[in-house]
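Please keep the sequence and the model in view while reading.

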Amino acid sequence: MSAKPIALASDHAGFALKEKIKEWLAARGYEALDLGAHGLESVDYPDFGTAVGDAIAAGKAERGVIVCGSGIGISIAANRNPAVRAALCQSGLMARLSRQHNDANVLALGARLIGDEVAIDCLNEFLDTPFEGGRHQRRVDKLGIKG
């Protein structure tokens, strides 16, 4: 378990899934740093992807979870921060590989594309899988991203 909270954010389309993830994290002893959205009113996903990126860059969280309708826009926003390696995942295998091979530090999910069970499977793999390093470290280094 991470000593630091997990940064968590969504837009309005991802709000319901974000709230379920927040409950799941709390039930397993994780602290969630909820950066919004805080309701179903229409908001702009870049603001929330940016907020998670800023929290990671500032050391407030080591990992993050971001959710929008497709997961695409919010992951693009988060990845603009040099401290972020956000991976958009639609299966537990993708989440596991994002950690093992890419040292992803932000999990992006598309609430309109995956169900709650798949989202939780992705979250489990993302939180429980270590980075393998080795040949993968060389590749991550070539991304020029320091997290």
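The model is predicted. Its largest nonpolar core has 22 residues, and helix H5 supplies the largest share of that core, six residues.

**Nonpolar cores**

- In soluble globular proteins, nonpolar side chains tend to be buried together.
- Within the largest nonpolar core of this model, the residues with the most contacts are Ile-21, Leu-25, Val-65, Leu-107, Leu-109, Leu-123 and Leu-127.
- Two or more residues of this core come from each of strand E1 (6-10), helix H1 (15-27), strand E3 (63-68), strand E5 (106-110) and helix H5 (116-128).
- Another core, of 17 residues, lies apart from this one and includes Ala-7, Ile-56, Val-84 and Ala-86.
- When neighbours within four places in sequence are left aside, Ile-21 is in contact with Leu-8, Val-65, Val-67, Leu-109, Ile-120 and Leu-123.

**Packing of H1 and H5**

- Two packed helices are described by the angle between their axes and the distance between the axes.
- On the H1 side, the contact is made by Leu-17, Lys-20, Ile-21, Trp-24 and Leu-25; on the H5 side, by Asp-116, Ala-119, Ile-120, Leu-123, Asn-124 and Leu-127.
- By class, the contact of H1 with H5 comprises eight nonpolar, one polar and two charged residues.

**Packing of H2 and H3**

- From H2, Tyr-45, Pro-46, Phe-48, Gly-49 and Thr-50 meet Gly-73, Ile-74, Ala-77 and Ala-78 of H3.
- The contact of H2 with H3 has six nonpolar and three polar residues, and no charged residues.

**Helices H4 and H6**

- Gly-92, Ala-95, Ser-98, Arg-99 and Gln-100 are buried in helix H4 (residues 92-100).
- The cover over the buried residues of H4 includes E3, strand E4 (86-88), E5, H5 and H6.
- Asp-141 belongs to helix H6 (residues 135-142) and is partly exposed, with a relative accessible area of 38%.
- Asp-141 and Asn-102 are 39 residues apart along the chain, and their C-alpha atoms are separated by 9.8 Å.

- Lys-18 is found in helix H1 and counts as buried because its relative accessibility is 0%, under the 20% cut-off.
- Leaving aside neighbours within four places in sequence, Lys-18 is in contact with Leu-8, Ala-9, Ser-10, Asp-34, Gly-36 and Ala-37.
- Most residues other than glycine have a negative phi, and most peptide bonds are trans.
- The peptide bond from Gly-36 to Ala-37 is cis, with omega near -10°.
- Ala-37 has its place in the loop between strand E2 (32-34) and H2.

**Asp-103**

- Asp-103 has a positive phi, near 50°, in a residue other than glycine.
- The loop between H4 and E5 holds Asp-103, which counts as buried at 19% relative accessibility.

Methods: Residues numbered from 1 in each chain as written. Predicted model: local features only at pLDDT ≥ 70, side-chain atom pairs only at ≥ 80, totals over all residues. Heavy atoms only, no water. Core = buried A, V, L, I, M, F, W, Y, C linked by side-chain atoms within 4.5 Å. Buried < 20%, exposed > 50% of the residue type's maximum accessible area, 1.4 Å probe, protein only. Helix = DSSP H or I, 4+ residues; strand = E, 2+ residues; numbered from the N terminus. Contact = heavy atoms within 4.5 Å. Nonpolar A, V, L, I, M, F, W, Y, C, P; charged D, E, K, R; others polar.
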